[in-house]
Amino acid sequence: MKKELKLNTLMNSKNTYDLCRCYFKYDINYFYFYIFDVNNKFFLGLEEDDFITDGFQIRKISDMKKIELKDDKCVEFNRQNKLLDGIIPPDININSWKDIFKSLKELDRIIFVQDEHLDPNDCEYAIGKVLKVKDSEVHLKVFDADGNWLEGYLAIPFRFISSVTFNSRYCLQWE
């Protein structure tokens, strides 16, 4: 799918009840998003799954294979039940990974960073808070599976990041 068509679909669905079905080159599954911001490189979407929203994600347009608008009873049900009423999208600058992580640092939230470009069984991820943002990497304070904060930080080069999630049920459990 051409980038222009992807961008037009994202732009036209921004801040509406249009639900976007997004396919990415690193996953056989698709994801549903309500789009709140988009530019030539990234989009900020609120994930939807079976009539429930589950946090915001920032993903790269270049990783998107295809996008479609979902048009079925689910969309109608979400509209009728005002699923998005009261949702206030966060003020995130999505111009670059550097700007994204600076904005997330200001929010001071637990975030989930993934590199999904690997084999699905080897997906790399980190959960924590942004400590420092450099020109080509982000430093996260991370914790172990028991919720204990680890000493030091984890440096993640931007080139290895495919998505960032925050305010999801998973992330909120750790706050």
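Lys25 is exposed, with a relative accessible area of 51%. Here exposed means over 50% relative accessible area, buried means under 20%, and partly exposed is in between, all with a 1.4 Å probe and protein chains only. The side chain of Lys25 meets that of Asp63 in a salt bridge, 3.6 Å from N to O. This pair links distant parts of the chain: Lys25 is in the loop between S1 and S2, Asp63 is in the loop between strand S4 (52-60) and strand S5 (64-70), and 38 residues separate them. In contrast to the exposed Lys25, Asp63 is buried, with a relative accessible area of 2%.

Before going on, a word on the model. It is predicted, so local features need pLDDT of at least 70 and side-chain atom pairs count only at pLDDT 80 or more, while totals for chains, interfaces and linings use all residues. Residues are numbered from 1 along each chain as its sequence is written, and side-chain values use heavy atoms, with hydrogens and water left out.

**The overall fold**

How many helices and strands does the chain have? There are 4 helices and 10 strands, where helices (H or I, at least four residues) and strands (E, at least two) are DSSP runs numbered from the N terminus. Along its principal axes, the C-alpha trace spans about 50 × 35 × 30 Å.

Of the 175 residues, 46% are buried. The accessible surface comes to about 9700 Å², and carbon and sulfur atoms account for 47% of that surface; the areas come from the Shrake-Rupley method with a 1.4 Å probe. Now think about contacts, meaning heavy atoms within 4.5 Å. Among contacts between residues at least 6 apart in sequence, 55% join residues at least 24 apart.

**Charges and their partners**

The chain carries 25 positive and 30 negative side chains, and the centres of the two sets lie 5 Å apart. Lys and Arg count as positive and Asp and Glu as negative, while His and the chain ends are not counted. Each charge is placed at NZ of Lys, CZ of Arg, CG of Asp or CD of Glu.

Side chains of opposite charge can pair when their charged atoms come close. A salt bridge is a side-chain nitrogen of Lys or Arg within 4 Å of a carboxyl oxygen of Asp or Glu, and a search of the whole structure finds 11 of them. The table lists some of these pairs.

| Salt bridge | N to O distance |
|---|---|
| Asp37 and Lys14 | 3.7 Å |
| Asp63 and Lys25 | 3.6 Å |
| Lys70 and Asp72 | 3.7 Å |

Salt bridges that share partners also join Arg21, Lys66 and Glu68 into one network. Within the Lys70 pair, Lys70 is buried at a relative accessible area of 12%, whereas Asp72 is partly exposed at 34%.

**Two positive phi angles**

Most residues other than glycine have a negative phi. Asp50 has a positive phi near 50°; this residue is in the loop between strand S3 (42-49) and S4, and is exposed, with a relative accessible area of 57%. Asp108 has a positive phi near 55° and is found in the loop between helix H3 (97-107) and strand S6 (111-115). Asp108 is partly exposed, at 48%.

**Two residues and their neighbours**

Ala155 is in strand S9 (residues 154-157) and is partly exposed, with a relative accessible area of 35%. Not counting residues up to four places away in sequence, Ala155 touches Glu137, Val138 and His139.

Arg79 lies in helix H2 (residues 73-80) and is partly exposed at 39%. With the sequence neighbours up to four places away left out, Arg79 touches Tyr17 and Asp18.
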